[in-house]
Amino acid sequence: GHAGKIYRLTGPQSLDQIEQVAAIAEAIGETIRFEEMRRDEALEQLKSRMPEAAANQLLNYLAKHVDAPAVVSTCVEEVTGHPARSFAQWAKDHAEAFR
């Protein structure tokens with residue numbers, strides 16, 4: 001029943017970058033400071049980890065959502081029968097990766 005369908009899979013809420021950092025800090029039990037960078041600085045750092053085109057797409061996405069929350073859907077629960085995992089839960093599940 002899913003052939004040809006397109007699903008927008010999201011978490012249960014839209015969080016800005018500061019809220020995401022706060023959730024990671026909570027998950028690892030440490031204080032983390034959020035510090036905004038100039039786009040050219042961020043691009044240089046990201047290019048060392050991914051192709052430049054991907055880095056630009058990521059930065060465009062992040063900039064787009066500074067003043068507008070990301071769209072949230074219920075597709076995860078509709079398709080799987082289970083609610084989407086929150087970012088806070090995801091951060092707890094992956095806390096070791098942030099230490």
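**View 1. Packing of helix 2 against helix 3 in the predicted model.** The buried residues of helix 2 are in contact with helix 3 (52-64). Helix 2 spans residues 39-47, and its buried residues are Ala42, Leu43 and Leu46. Viewed along the axis of helix 2, these buried residues fall within an arc of 100°, so they line one face of the helix.

**View 2. Salt bridge between lysine 47 and glutamate 44.** The closest N and O atoms of the pair are 3.0 Å apart. Lysine 47 and glutamate 44 lie three residues apart in helix 2, which means that about one helical turn separates them. In general, an α-helix has 3.6 residues a turn, so residues three or four places apart point the same way. Lysine 47 is partly exposed, with a relative accessibility of 31%, and glutamate 44 is also partly exposed, at 49%.

**View 3. Salt-bridge network of Arg38, Asp40 and Glu41.** Within this network, glutamate 41 pairs with arginine 38, their closest N and O atoms being 3.3 Å apart. Glutamate 41 counts as partly exposed because its relative accessibility is 33%.

**View 4. Salt bridge between glutamate 96 and arginine 99.** The N to O distance between these side chains is 2.5 Å. Glutamate 96 is exposed, at 59% relative accessibility, and arginine 99 is likewise exposed, at 52%. The structure holds six salt bridges.

**View 5. Nonpolar surface patch of Tyr7, Leu9 and Val79.** Together, the three residues present about 270 Å² of accessible area. Valine 79 belongs to helix 4 (residues 75-80) and is partly exposed, with a relative accessible area of 36%.

Methods:
Residues are numbered from 1 along each chain as its sequence is written. This is a predicted model: local features need pLDDT of at least 70, side-chain atom pairs count only at pLDDT 80 or more; totals for chains, interfaces and linings use all residues. Side-chain values use heavy atoms; hydrogens and water are left out. Patches are made of residues with over 30% relative accessible area and no salt bridge: like charges are joined within 9 Å, nonpolar side chains (Val, Leu, Ile, Met, Phe, Trp, Tyr) within 5 Å. Accessible areas come from the Shrake-Rupley method with a 1.4 Å probe; for residues, only the protein chains shown count as cover. A salt bridge is a side-chain nitrogen of Lys or Arg within 4 Å of a carboxyl oxygen of Asp or Glu. Helices (H or I, at least four residues) and strands (E, at least two) are DSSP runs, numbered from the N terminus. Buried means under 20% relative accessible area, exposed over 50%, partly exposed in between (1.4 Å probe, protein chains only). The arc is that of the directions from the helix axis to the C-beta atoms. Contact means heavy atoms within 4.5 Å.
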